Amino acid sequence: MSWWVLHVDMDQFIAAVEIRRRPELRGLPVVVGGSGDPTLPRQVVATASYEARAFGIRSGMPVRAAYKKCPDAVFLPSDPAAYDAASAEVMDTLRTFPVVVEVWGWDECFVGAETDDPETLAAEFRAAVVERTGLTCCVGIGDNKTRAKLATNFAKLSNTSGDGNGIYRLTAANWREVMDHRPVRDLWGIGARMEHNLNELGLTTVADLAAADVDTLKKRFGPNMGTWYAALGRGLGDTQLTDVPREPVSRSHEETFPSDLVERPDVERELRRIALEVTREVVAEGRTVQRVSVKVRFINFYTPIKSRKLKSSTQDPELVATTALSILEKFTLNRPIRLLGVRVEFVPSPLI
DNA sequence: TCTGGGGTCCTCCTTCGG
DNA sequence: TCTGCCGAAGGAGGACCC
């Protein structure tokens, strides 16, 4: 028996949950995001069903732009509580197998398993999830997390093109054949900015990155990240999984206002409200705040963030709100404001 | 097109005290 | 008393992910 890492990723999760509770939407273009009113500005698409994607609608697109592309689509507001519950159903289903389930968000998780036949296990996962929840997923199989996560992309491609079974295996054995010619952007953890930086070093493909001089990468991106990128090019990654949920380190609330805030008393009132809200929330969960950050987004999208560590940690919402207002003094408020946000960082829980 | 919200982690710079 | 070095901590900013 060998140790395998499987990555389970739900298909169009949020849209699928909405369609599950409203079956009449099946086959229709469904767009979830914002308030559900596609004529309002300053909202973006959280998820689009495959039918909506056929119209060119994508996650992150302004809802109004989606509405222009497909006015007949069904537009729904986001319902995080429903996605939480559906996600728990999926994870509980996977936990019925003798495996380690490491949750990575609503719609995905890594699963560690001892098996000689990971494909059969992956097929059993897919069957169990659809049977117990009515939701479908794809499974990437790898010899570490990096490869399992990337394998899921190929599983999705084969699944949507109809010539696969929603399962794909990517290991050291086929890494170079599958990945060598692909752009570095295809790697998990390389975004647009890092792709640009790597391209500047003449590294455009995964093979280039794999062959790159580690010291050059360390000099350019720092010791940790340089080492990490070199490993990424060769498909190396974590093989250890844990089913212990990670302790959150912070909580934030931010709000884009329907119309810009111009008057200082309005800015202060809204900032205070957000600070009180987020603090009450975390205190209700037994957390203690040790640091407060304030985010301000001006109409030109310039978004500075400033923070302050509290003299002593607190559970007092008023103190956090007062601190947020004092941090506001550090900003030059010379333009209308479209967004305010407050983040509170927690005192780490003592290790048991 | 006009660009949400909620997270985590890393690096770099500055400050401060020994 | 002044200077330099060093590490820790604070703070800003950036990048990435879903």
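Begin by selecting helix α1 (residues 13–21) together with helix α4 (residues 80–95), which pack at an angle of about 95° with their axes 10 Å apart. Because angles of 65 to 115 degrees count as roughly perpendicular, α1 is described as roughly perpendicular to α4. Keep in mind throughout that this is a predicted model.

Now show the side chains where these two helices meet: α1 contributes Phe13, Ile14, Val17, Glu18, Arg20 and Arg21, while α4 contributes Ala82, Tyr83, Ala86, Ser87 and Glu89.

Next, colour chain A by its domain assignment, in which domain 1 covers 1–173, domain 2 covers 186–233 and domain 3 covers 250–346.

For the last stop, select helix α8 (residues 192–200) and helix α10 (residues 214–221), whose axes come within 12 Å and cross at roughly 130°. These two helices are therefore oblique to each other, and the crossing of α8 and α10 is right-handed. To see what forms the contact, display Met194, Asn197, Leu198 and Glu200 on α8, and then Leu217, Arg220 and Phe221 on α10. Sorted by class, the contact of α8 with α10 holds 4 nonpolar, 1 polar and 2 charged residues.

Terms used:
Residues numbered from 1 in each chain as written. Chains lettered and ligands numbered in written order. Predicted model: local features only at pLDDT ≥ 70, side-chain atom pairs only at ≥ 80, totals over all residues. Heavy atoms only, no water. Domains from an automatic or database assignment. Axes fitted to C-alpha atoms, helices over the stretch in contact; angles between N-to-C directions. Helix = DSSP H or I, 4+ residues; strand = E, 2+ residues; numbered from the N terminus. Parallel < 35°, antiparallel > 145°, perpendicular 65-115°, else oblique. Left-handed = near helix turned anticlockwise from the far one by under 90°. Contact = heavy atoms within 4.5 Å. Nonpolar A, V, L, I, M, F, W, Y, C, P; charged D, E, K, R; others polar.
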